[in-house]
Amino acid sequence: MSTALTEDVQVLRSGLASDQPEIEVTLRLPRESAKKVLALLDAEQTTGAVVVPAKQEFTTTEAAKILGMSRPTLMRMIERGRVDFRMVGKHHRIPASSVQKLREFLDEDHMAVVAELANKYGNVD
């Protein structure tokens, strides 16, 4: 990471440390990073966005947070064989690919429920 970008990140962190509802900062980003930021902001405005760290696998606590569920719910899914995992000692580790697949499945499942309710009760604006 360049020195300029490191300094910009520190300015952003400082701004986020305040309790102000809006933060104004100027960032100098490499072109590829700027594209990623724009894609994230576009996704947040349209369908919502989730930032998933670039890791190969997650702890159950991390995976549950990413999936928006409690750790006990995730553990029940693991016990029922619905989520791939591996053991590291006594601890479960969930591959990033499994977290992504489950996220996509949950999103599709939620959309199906919304569509079913809309069909049953009519579209409500």
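Mentor: Leu12, Leu16, Ile23, Leu27, Leu29, Val37 and Leu41 make a nonpolar surface patch of about 550 Å². α1 (3–17) and α2 (31–46) each give two or more residues to the patch. This is a predicted model, in which local features need pLDDT of at least 70, side-chain atom pairs count only at pLDDT 80 or more, and totals for chains, interfaces and linings use all residues. Residues are numbered from 1 along each chain as its sequence is written, and side-chain values use heavy atoms, leaving out hydrogens and water.

Trainee: Why does Leu29 count as partly exposed?

Mentor: Buried means under 20% relative accessible area and exposed over 50%, with partly exposed in between (1.4 Å probe, protein chains only). Leu29 has 33% relative accessibility, and therefore counts as partly exposed. Leu29 is found in the loop between α1 and α2.

Trainee: How do you know that the buried residues of α4 are on the same side?

Mentor: In α4, Leu74, Met75, Met77 and Ile78 are buried. They cover an arc of only 160° around the axis, so they lie on the same side of α4. The arc is that of the directions from the helix axis to the C-beta atoms.

Terms used
Patch = residues over 30% accessible without salt bridge, like charges linked within 9 Å, V, L, I, M, F, W, Y side chains within 5 Å. Areas by Shrake-Rupley, 256 points an atom, 1.4 Å probe, with all protein chains shown as cover. Salt bridge = Lys/Arg side-chain N within 4 Å of Asp/Glu carboxyl O. Helix = DSSP H or I, 4+ residues; strand = E, 2+ residues; numbered from the N terminus.
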